[in-house]
Amino acid sequence: MEMVTKMVMERPVVIYSKSLCCMSHTIKTLLCDFGANPAVYELDEISRGREIEQALLRIGCSPAVPAVFIGGELVGGANEVMSLHLNGSLIPMLKRAGALWV
């Protein structure tokens with residue numbers, strides 16, 4: 001858990017993903033298309049990825065990926081991010097976190 005907390009505080013937007021997860025790919029593409037430049041951690045490609053995945057499950061990410069943090073706070077998975085996007089809240093949230101300058 002401490003490792004996750006440290007990692008999400010290093011950048012305005014952090015995505016925990018798996019390289020072959022289509023929902024993770026969709027969320028990464030969406031945020032990158034906005035220009036958010038997220039830190040992406042592919043849990044199936046990094047050391048301690050399984051440990052991080054377990055920590056994400058413990059804090060309420062179900063499924064564990066994609067898990068999106070904006071401004072150090074857990075936003076949720078693909079459904080939550082898409083809901084924020086559709087209701088117009090995602091871009092203002094990214095701006096408040098310092099991920100977008102426009």
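**View 1. Ser24 in helix α2.** Ser24 lies in helix α2 (residues 22-34); helices are DSSP runs (H or I) of at least four residues, strands are DSSP runs (E) of at least two, and both are numbered from the N terminus. The model is predicted, so local features need pLDDT of at least 70 and side-chain atom pairs count only at pLDDT 80 or more, while totals for chains, interfaces and linings use all residues. Residues are numbered from 1 along each chain as its sequence is written, and side-chain values use heavy atoms, without hydrogens and water. Ser24 counts as buried because its relative accessibility is 0% (buried: under 20% relative accessible area; exposed: over 50%; partly exposed: in between; 1.4 Å probe, protein chains only). Apart from neighbours within four places in sequence, Ser24 is in contact with Ser17, Lys18, Val65 and Pro66 (contact: heavy atoms within 4.5 Å).

View 2. In helix α3 (residues 49-58), Gly49, Ile52, Glu53, Ala55 and Leu56 are buried. Seen down the axis of α3, these buried residues fall within an arc of 160°, so they line one face of the helix (the arc is that of the directions from the helix axis to the C-beta atoms). They pack against α1 (2-9), β1 (13-17) and β3 (67-70). Arg50 and Arg58 are exposed, on the face of α3 turned away from its buried side. Just after α3, Gly60 has a positive phi of about 110°.

View 3. The structure holds 0 disulfides (disulfide: a pair of cysteine sulfur atoms within 2.5 Å). For Cys22, the closest cysteine sulfur is in Cys21, 5.6 Å away, too far for a bond. For Cys61, the nearest cysteine sulfur is that of Cys21, 13 Å away. Cys22 is exposed at 55% relative accessibility, whereas Cys61 is buried, with a relative accessible area of 4%.
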